[in-house]
Amino acid sequence: HTMDSKVGEVLLYYCYCEVKDPEKLCAWQKALCRHLHLTGKVRVASEGINGTVGGSKVATSLYIEVMLSQPLFKDILCQEDFKSSAGGAHCFPDLRVGVFKEIVPMGIDPKIVSYKETGIHLSPQEFHREVEQYLSQASQGQSDTILLDCRNFYESKIGHFQGCLAPDIRKFSYFPSYVDENLELFKDKRILMYCTGGIRCERGSAYLRSKAVCREVYQLKGGIHKYLEEFPDGFYRGKLFVFDDRYAICSNEDIISACRYCGTLWDQYKLCSSQHCRQLVLTCPSCCKKGLTACCPVCQEKELKVTSRASGQTLKEECECTRRRPRVPIEHVPQRMLDAGK
């Protein structure tokens, strides 16, 4: 794939708006993507649409044009809302378009916590200035601000803003419980929140605000994606995790994570080699050559005992990694974020 990975494009976008007939929008969207030979994932709900699609440059620009002229999104969605990166249709196994309750799966009814109650949006430039100020205050040990990464642990592990607080959560639906367990931490603080493209912050900030403990909640408009366009060598270090076959996109040469086995600097994910496991693992080429290709000892064992089960079954993998990670981590001292800021 590496040869053609630069030819096309992958688009990431979302639009919160009232959708009277999600099924109809879903059918239209499916037809549009098929027509343009786009692959990827699109979530439709009564609260809007969220998609990441890949195809040729011609196809993606036509897609944007059609999306902008769709009456439903008129005056809400604009050219700026589409984040693009080098890729193409090969970045996704297929096309999946479906109707869901939420366009980003936080697991909280949109009627209870609405995207309309979101935090204050900051442009990449404004966010950059805020982070700069936060880091200089944090180094003197006097910050009233928390720089909060609301992505999953495997995303923040390979790339994050300097001095951030990165919850040890496995999926976004654990974010609300994370907030509930750590209200003390957020009390009277200014929160600077960020995610990949901005959508998780829309609901995450609304959830945090509904708790009425923070002084202010800000979020990075357009997410890390837009920030890196303006500041490829700014305060975000490492790679940007993406939910497709590329796993990550790169804006600076920093590697901030290590091989699970030998500890050498490494940030390219692979799927665990154990048949039913869906965990991502950081294992460097030399460890791979030694056959160290699983996410943990439990899976490495399974890998060796050739699985004789009927191949049709899909089993939910339980391994050391999944068990070691509690559903909701409780943050004790925010000291480590201060140290990271130095």
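I began with Phe 161 and Tyr 194: both are buried (under 20% relative accessible area, with exposed over 50% and partly exposed in between, for a 1.4 Å probe and protein chains only).

I noted the basis. This is a predicted model, where local features need pLDDT of at least 70, side-chain atom pairs count only at pLDDT 80 or more, and totals for chains, interfaces and linings use all residues. Residues are numbered from 1 along each chain as its sequence is written, and side-chain values use heavy atoms, leaving out hydrogens and water.

I looked up the aromatic pairs next and found 18 in the structure (ring centres of Phe, Tyr or the six-membered ring of Trp within 6.5 Å; planes under 30 degrees apart are stacked, over 60 edge-to-face, the rest tilted). Phe 161 and Tyr 194 are edge-to-face, at 4.6 Å between centres and 70 degrees between planes. Phe 161 is in strand β8 (159-161) and Tyr 194 in strand β9 (190-194), so their pair ties together parts 33 residues apart in sequence (strands are DSSP runs of E, at least two residues, and helices of H or I, at least four, numbered from the N terminus).

I checked charges over rings (NZ of Lys or CZ of Arg within 6 Å of the ring centre and within 35 degrees of the ring normal). Arg 43 has its charged end over Phe 100, 3.8 Å from the ring centre. Arg 260 lies over the face of Tyr 261, at 5.3 Å.
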